[in-house]
Amino acid sequence: MSVTLLAGSATASVALATETPAAAPAATVAPTAPVENLIVGYKSSATEASSNTAAADDATAKGKKAGKKTKFDRRLGTGAALVNLGGATAPADAANVMAQFRADPDVAYVEPDTRAYAMAVTPNDTEYAKQWDLFESTAGMNVPGAWDTTTGSGVTVAVIDTGYVAHSDVAPNIVSGYDFISTSSEARDGNGRDSNPADEGDWNATDGECGVGSKASTSSWHGTHVAGTIAAATNNSKGVAGIAYGAKIQPVRVLGKCGGATSDIVDAITWASGGSVAGVPANATPAKVINMSLGGSGTCGTSYQNAINAAVARGTTVVVAAGNSNANASGFSPASCNNVINVASTNRAGERSYYSNFGTIIDIAAPGGETRRATDTPGTVTTPENAILSTLNAGTTTPGAESYKPYQGTSMAAPHVAGLAALLKSAKSSLTPAQIEAAIKANARPLPGTCTGGCGAGLADAAATVAAVTSTTPPTGGFENTTDVAIGDNTTVESPITVSGVTGNAPATLKVGVNIVHSYIGDLKVDLVAPDGTVYTVHNRSGGSTDNINQVYTVNASSEVANGTWKLRVNDNAGGDTGKIDSWNLTF
């Protein structure tokens with residue numbers, strides 16, 4: 001089977017909040033977002049200014065008057081009291097508590113305990129303004145909002161592709177890779193497999209050279225374009241910005257003249273994820289994310305599936321392109337394999353790109369661009385500004401000068417998601433491939449345009465997904481149980497949450513946040529049990545030997561009355577590994 005590529009032709013400053021007496025009354029500070037704590041400054045003459053007991057009694061009394069269970073938390077270094085509101089509190093309710101403090105003549109000021117954030121600036125890369133796919137509100141992937149939290153540092157992404165042609169805008173993030181092309185004529189480097197993943201060019205001199213219907217073509221330098229999207233050096237005053245610019249790129253060469261062989265790609269997947277391949281030195285820097293912007297016709301074979309399953313079991317997230325045939329992705333491989341994140345392409349308007357494959361097998365969509373409209377003459381480039389700009393080379397056959405060029409394709413969409421996976425793994429290293437996939441899907445936003453045939457969970461959103469996996473507080477409108485429940489071998493345990501005050505039925509997008517500490521999550525079956533006893537399975541013995549579940553699941557519970565007692569039921573199906581339900585929450 002031959003496989004081809006799938007493409008067409010922050011400096012941060014920190015804002016520090018300081019607490020000093022203000023000339024204006026503290027009453028002018030009103031909450032505009034949910035509040036967990038208040039900062040209360042007592043006048044020096046007040047007993048509460050020096051006595052924690054008095055401050056605690058005062059907090060309880062004022063909360064009671066406002067209908068809230070408030071309590072004294074601790075004394076700040078300035079002498080002010082931190083008052084806990086008992087969880088995320090709506091602005092209006094927090095304002096009621098603040099009013100009780102403001103009415104007390106012994107209180108100098110009261111204000112919400114707001115949050116400060118690192119203030120990321122726009123990258124100074126000279127072509128950044130053309131990277132609509134990163135930042136435009138309509139159909140961009142909302143990447144800059146994630147950079148305040150993570151840039152992908154500590155994560156290696158393997159780009160299994162045509163290899164890498166030297167480019168100064170990617171070079172700082174390149175680590176040693178490998179050339180897995182076993183046939184010297186296809187490799188064009190005079191030998192078979194070796195430790196040099198340099199892209200020697202995938203050009204074809206004549207029509208028909210690579211099979212019936214194939215056309216003569218120049219070299220694509222495809223792997224370098226993909227690598228730049230994922231991790232081009234950023235804030236270096238040149239070129240483009242990478243999505244996970246703190247990550248490292250491991251070029252793994254499998255595509256040469258006339259594509260690449262499944263056998264070579266399978267070995268590349270194995271090696272890149274830290275597995276052993278006969279005759280090939282061990283990978284010194286195994287990748288936690290693999291990007292495969294390649295594919296061919298036919299459903300997923302056993303060789304592909306076995307290699308992917310093993311890579312995922314090692315903790316590597318595998319991202320693949322859906323394909324560019326405007327057809328159901330179920331007929332293409334490796335897009336149709338299990339345990340991958342299958343990515344469709346969207347254009348600048350947020351619609352499915354005219355060429356992108358589709359179907360129920362798609363997991364997520366991401367910007368892949370369009371260098372021409374579907375009605376334009378094939379082969380023309382009429383809207384280059386609407387494609388994905390990245391690093392390239394000007395050589396037509398062998399390498400020439402480094403350059404930048406816009407490409408379109410699901411090949412361009414997949415590295416957006418691979419970059420996001422690297423951001424997530426860097427932000428929270430305990431995340432498993434299954435958790436990364438689920439988080440990306442759960443936090444996608446609806447496509448602003450249309451997608452005939454199915455584009456998965458929607459448009460990937462980097463900022464929303466990173467925020468979700470790093471959040472330690474249930475969202476507004478949430479209910480939580482933080483009581484530990486031990487999970488023994490071959491036992492079934494439950495943790496309840498009683499919901500009240502919610503009108504009508506639960507939503508079709510009920511969010512179920514699950515935090516389970518366990519050393520072998522492949523033993524576990526996790527169910528959400530509705531108040532009427534209906535069972536919704538959210539995790540069913542997947543993940544193998546990986547540990548811990550820390551994931552937000554989306555459940556269609558629209559047929560269930562919201563109020564009542566919901567339960568998280570966990571069934572351990574094997575011996576040798578135990579754990580606990582650490583916490584879980586429901587967000588309506």
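Reply: Let us begin with a single point of pairing in this predicted model: Val517 stands opposite Lys580 in strand β28.

Me: How many bridges join strand β23 to β28, and in which sense do the two run?

Reply: Strands of a sheet pair through backbone hydrogen bonds, either parallel or antiparallel. Here strand β23 (residues 510–518) and β28 run antiparallel, joined by 8 bridges. Strand β21 (residues 485–487) is also antiparallel to β28, with 3 bridges, and within that pairing Ala486 has Lys580 as its bridge partner. Strand β20 (residues 478–481) pairs with β28 over 4 bridges, again in the antiparallel sense, and there Phe479 has Leu586 as its bridge partner.

Me: Which strands form the open sheet, and in what order do they lie?

Reply: The open sheet consists of 7 strands in the order β9-β10-β8-β12-β14-β16-β17, and their pairing is parallel. Because β9 and β17 (364–367) stand at the edges with a single partner strand each, one side of each has no neighbour in the sheet. Inside that order, strand β12 (residues 289–292) and strand β14 (residues 317–321) run parallel and are joined by 4 bridges, with Asn291 standing opposite Val319 in β14.

Me: How should I read aromatic rings, and how many aromatic pairs does the count come to?

Reply: A pair of aromatic rings is described by the distance of the centres and the angle of the planes. In this model the count comes to 9 aromatic pairs. One of them is formed by Tyr178 and Trp271, a tilted pair with 5.7 Å from centre to centre and 45° between the planes. This pair links distant parts of the chain, since Tyr178 belongs to strand β9 (residues 178–179) and Trp271 to helix α7 (residues 262–272), 93 residues apart.

Me: Is Tyr178 buried or exposed?

Reply: Tyr178 counts as buried because its relative accessibility is 8%, and Trp271 counts as buried too, at 4%. A further pair is made by Trp566 and Phe588, whose ring centres are 6.2 Å apart and whose planes meet at 70°, so the pair is edge-to-face. That pair also links distant parts of the chain, with Trp566 in strand β27 (residues 564–572) and Phe588 in the segment after β28 (579–587), 22 residues apart. Trp566 is buried, at a relative accessible area of 0%, whereas Phe588 is partly exposed, at 26%.

Me: Which residues do ring pairs link into a cluster?

Reply: The cluster consists of Tyr128, Phe135, Trp147 and Tyr245. A ring can also have a charged side chain over it, as where Arg188 lies over the face of Trp203, at 3.8 Å from the ring centre.

Me: Where in the protein is confidence lowest, and where is it highest?

Reply: Where pLDDT is low, the predicted coordinates should not be read in detail. The lowest confidence is in strand β2 (residues 12–14), at a mean of 25, and the highest is in strand β10 (residues 248–253), at 98. Over residues 9–28 the pLDDT is below 50, although this stretch has 28 contacts in the model beyond near neighbours in sequence. For the protein, the mean pLDDT is 89, with 93% of the residues at 70 or more.

Me: How many helices and strands are there?

Reply: The secondary structure comes to 11 helices and 28 strands. The radius of gyration is 27 Å, close to the 25 Å that the globule rule gives for 588 residues, so the protein is as compact as a globular protein of that length.

Key. Residues numbered from 1 in each chain as written. Predicted model: local features only at pLDDT ≥ 70, side-chain atom pairs only at ≥ 80, totals over all residues. Heavy atoms only, no water. Phe/Tyr/Trp six-rings, centres within 6.5 Å; stacked < 30°, edge-to-face > 60°. Buried < 20%, exposed > 50% of the residue type's maximum accessible area, 1.4 Å probe, protein only. Lys NZ or Arg CZ within 6 Å of the ring centre and 35° of its normal. pLDDT = per-residue confidence, 0-100. Contact = heavy atoms within 4.5 Å. Pairing = 2+ DSSP bridges. Rg over C-alpha atoms; globule rule 2.2 N^0.38 Å.
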